Amino acid sequence: MNQPFRVLLVDDHPHARQGMREIVASDRDFVVVGEAASGEEALELMDETTPELVLMDISMPGMGGLEAAKAIKGAYPDVKIVMVTVSDEPAHLFEALKKGAQGYLLKNLEPSSWREYLRAVALDEAPLNPDLAMSILREFAARPQPPVSPARGRAGADGETAMREGLTPREKEILLEVARGRTNREIAAGLGLSENTVKNHLKNILQKLHLDNRVQLTRYAYERGLVDG
């Protein structure tokens, strides 16, 4: 990153915000541009602080983190949102991803893990933990789904879905590796490619599937049966 990544912190507890600020500010790749104690305040600060990344607690009085995430992504679709939580309860994380969040951080993680993960999110390289992906998939499968158009058939029947979306064999290969939780570096090493080549393929895959990030890509692969549980 040539310039520090601009971060907005959102948590109703001052001590929690202080902890997040100390972790983020200790890394030269990030700069804290604002703090909010509620979802409402976060929305008010968006234009003033122009953050690129929002760290947001899930549970807050008034407008909670999930509602605020949805509102922020609706008004600022390019902003990345990482939910901060004390629990990796799949139902909560499923809702967060539906609202547009790019990922999550547990409050009890080591600061070094926070910084490493946030850097990966900033560079669009953060993988979704495979176990969590399966938990989210089970949560998704338990919910009623909208009917599928007869013209499209049953989306997710098998791996041919990705091919019908116009993916090349190499792009499908990279899609599967992303869904398995591999980083760009790991994918490059495994397939004998450069990291830049993997990034270019990933960019093309997201464009073809009309998706925004790796989290959505992972969910796409699991929902369509491209990755075995």
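This is a predicted model: local features need pLDDT of at least 70, side-chain atom pairs count only at pLDDT 80 or more; totals for chains, interfaces and linings use all residues.
Which residues are buried in α10?

**View A. The buried residues of helix α10.** Here are the residues to look for: V198, H201, L202, I205, L206 and L209 are buried in α10. They share one side of the helix, because the arc they cover around the axis is only 140°. Among the elements that cover these buried residues are α8 (169-179), α9 (184-191) and α11 (214-223).

**View B. Helix α10 from end to end, with its exposed face.** Helix α10 runs over residues 195-209, 15 residues in all. From first C-alpha to last it reaches 21 Å, close to the 21 Å expected at 1.5 Å a residue. Turn to the face directed away from the buried side and you will find N196 and K203, both exposed.

**View C. Strand β1 and its surroundings.** Strand β1 covers residues 5-10, and five of its six residues are buried, so the rest of the structure largely encloses this strand. From β1 the chain crosses through helix α1 (residues 14-25) to β2, making a right-handed β-α-β crossover.

**View D. The partners of strand β1.** Two pairings can be followed here. With strand β2 (residues 30-36), β1 pairs in the parallel sense over six bridges. With strand β3 (residues 53-57), β1 also pairs in the parallel sense, over four bridges. V10 is a handy residue for finding your way: it stands opposite A36 in β2, and its bridge partner in β3 is M56.

Methods
Residues are numbered from 1 along each chain as its sequence is written. Side-chain values use heavy atoms; hydrogens and water are left out. Buried means under 20% relative accessible area, exposed over 50%, partly exposed in between (1.4 Å probe, protein chains only). Helices (H or I, at least four residues) and strands (E, at least two) are DSSP runs, numbered from the N terminus. Two strands pair if DSSP finds at least two bridges between them. A crossover is right-handed if, with the strands pointing away from the viewer, the path from the first strand over the helix to the second runs clockwise. The expected span of a helix is 1.5 Å times one less than its number of residues. The arc is that of the directions from the helix axis to the C-beta atoms. Contact means heavy atoms within 4.5 Å.
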